Structure formats: C-alpha cells, structure tokens
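This report describes the architecture of one protein chain and the surroundings of several of its residues. The sequence and the model are shown first.

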Amino acid sequence: MYHLTALVTLLALAFYFFTCINVSRSRTRTGVKVPAMSGHPDFERAFRIQMNTLEWMPIFLPSLWLFAIYINDAVAAGIGAVWIAGRIVYFIGYSKAAAKRGPGFAIQAIAAIALWAGALGAVAFRLV
C-alpha cells in the first residue's frame with residue numbers, strides 16, 4: 001500500500017482547492033467580475049498562482065506515483081511534501097509581488113524533477 005503517497009496526493013489537491021478559493025476571494029476583494037481574467041494586479045497574481053499550480057499537477061502527480069511504485073512510498077511522499085512546501089512558498093511570495101515567486105518555484109521544480117527523474121531511471125533500469 002502507498003498510504004504516505006496517497007496522503008501527499010490528498011494534501012496537494014487540498015492546496016490546489018485552497019488556491020481556487022483564493023481566486024474567488026480575490027475576485028470579490030478586487031471587484032473583478034466573471035468571466036474577466038484581468039483587471040487588478042492582486043487578482044491577476046492570485047489567478048496565476050492557481051493556474052501555475054494546475055500546470056504543474058500533471059507533471060507532479062504521475063511522477064509522484066511512479067516514484068512511489070518503482071522506488072519507495074516514504075521517499076516519494078517526502079519529496080512530494082517538499083513540492084507542497086515549495087508551492088506554499090510560491091503562493092506567499094507571489095501573493096506579495098511577482099518578483100518574489102522565484103524561491104518557491106525553484107523548490108517545487110526541483111522536487112518535481114527529482115520525482116520525474118527518479119521514476120524514469122527506475123523504469124529504464126527495469127527495462128534493461
């Protein structure tokens with residue numbers, strides 16, 4: 001069983017849900033009406049945080065699970081937790097200013113790449 005990876009998956013989805021709620025609250029706070037996607041810098045940053053998180057999910061989630069299956073559940077979950085922490089740092093920084101998004105982006109990108117590279121290596125190893 002992959003209990004730890006399942007927990008990290010659910011936490012990642014909870015964080016994504018939080019970013020969705022944040023966009024809705026930002027719309028209300030800034031007066032940006034649906035279906036507009038721009039109009040106030042605070043709203044635009046909130047929207048980009050949500051969309052960037054969504055853009056990384058198809059890279060992160062399969063890599064997380066393949067890493068857990070082919071390598072180790074606990075290690076996958078640990079790296080997955082780092083990815084979530086990076087997304088939180090990204091959220092905090094980007095919420096303040098676009099220029100402050102870099103550290104969180106780097107943390108989550110390194111974690112996602114580690115999961116992907118580990119899974120790829122493990123699969124390739126089993127094929128040869």
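In this predicted model, the buried residues of H4 pack against H2 and H3. Those buried residues are Gly104, Gln108, Ala109, Ala111, Ala112, Leu115, Gly118, Ala119 and Ala122. Helix H4 itself has 26 residues, and from its first C-alpha to its last it reaches 37 Å, close to the 38 Å expected at 1.5 Å a residue.

**Overall architecture**

The protein contains four helices and zero strands, and its elements follow the order α-α-α-α from the N terminus on. Taken along the principal axes, the C-alpha atoms fill a box of roughly 55 × 25 × 20 Å. Of the 128 residues, 40% count as buried. Among contacts between residues at least 6 apart in sequence, 69% join residues at least 24 apart.

Helix H1 has 28 residues and reaches 40 Å from its first C-alpha to its last, close to the 40 Å expected at 1.5 Å a residue. Its buried residues are Thr5, Val8, Thr9, Ala12, Phe15, Tyr16, Thr19, Asn22, Val23, Ser26, Arg27 and Thr30. The cover over these buried residues includes H2 and H3.

How do H1 and H2 lie relative to each other? Helix H1 (residues 3-30) and helix H2 (residues 41-70) pack at an angle of about 170 degrees, and their axes are 9 Å apart. Angles over 145 degrees count as roughly antiparallel, and H1 and H2 are therefore roughly antiparallel to each other. Sorted by class, the contact of H1 with H2 has 19 nonpolar, eight polar and two charged residues.

Thr28 belongs to helix H1. Thr28 counts as exposed because its relative accessibility is 66%. Thr28 and Phe43 are 15 residues apart in sequence, and their C-alpha atoms are 9.2 Å apart in space.

**The loop between H1 and H2**

Just after H1, Gly31 takes a positive phi of about 80 degrees. Pro35 is found in the loop between H1 and H2, and a cis peptide bond joins Val34 and Pro35, with omega of about 10 degrees. Gly39 also has its place in the loop between H1 and H2. With 62% relative accessibility, Gly39 counts as exposed. Leaving aside its neighbours within four places in sequence, Gly39 is in contact with Val32 and Glu44. Gly39 and Ile71 are 32 residues apart in sequence and 46 Å apart in space, C-alpha to C-alpha.

**The nonpolar core and Trp83**

Which residues touch the most other members of the largest nonpolar core? Of the 20 residues in this core, they are Phe60, Leu64 and Trp83. H1, H2, helix H3 (73-96) and helix H4 (102-127) each supply at least two residues of the core. The largest share, seven residues, comes from H2.

Trp83 lies in helix H3. Its relative accessible area is 1%, so Trp83 is buried. Leaving aside neighbours within four places in sequence, Trp83 is in contact with Ala12, Thr53, Trp56, Met57, Phe60, Gln108, Ala111 and Ala112.

Arg45 has its place in helix H2. Is Arg45 buried or exposed? Arg45 counts as buried because its relative accessibility is 15%, and residues under 20% fall in that class. Leaving aside its neighbours within four places in sequence, Arg45 is in contact with Tyr94, Ser95, Lys96, Ala97 and Ala98.

**Accessibility of selected residues**

The table collects the residues discussed individually above.

| Residue | Relative accessibility | Class |
|---|---|---|
| Trp83 | 1% | buried |
| Arg45 | 15% | buried |
| Gly39 | 62% | exposed |
| Thr28 | 66% | exposed |

Definitions and conventions:
Residues are numbered from 1 along each chain as its sequence is written. This is a predicted model: local features need pLDDT of at least 70, side-chain atom pairs count only at pLDDT 80 or more; totals for chains, interfaces and linings use all residues. Side-chain values use heavy atoms; hydrogens and water are left out. Axes are lines fitted to C-alpha atoms, for helices over the stretch in contact, and angles run from 0 to 180 degrees between N-to-C directions. Angles under 35 degrees count as roughly parallel, over 145 as roughly antiparallel, 65 to 115 as roughly perpendicular and the rest as oblique. Ala, Val, Leu, Ile, Met, Phe, Trp, Tyr, Cys and Pro count as nonpolar, Asp, Glu, Lys and Arg as charged, and the others, Gly among them, as polar. Buried means under 20% relative accessible area, exposed over 50%, partly exposed in between (1.4 Å probe, protein chains only). Contact means heavy atoms within 4.5 Å. A nonpolar core is a set of buried Ala, Val, Leu, Ile, Met, Phe, Trp, Tyr and Cys residues joined through side-chain atoms within 4.5 Å. The expected span of a helix is 1.5 Å times one less than its number of residues.
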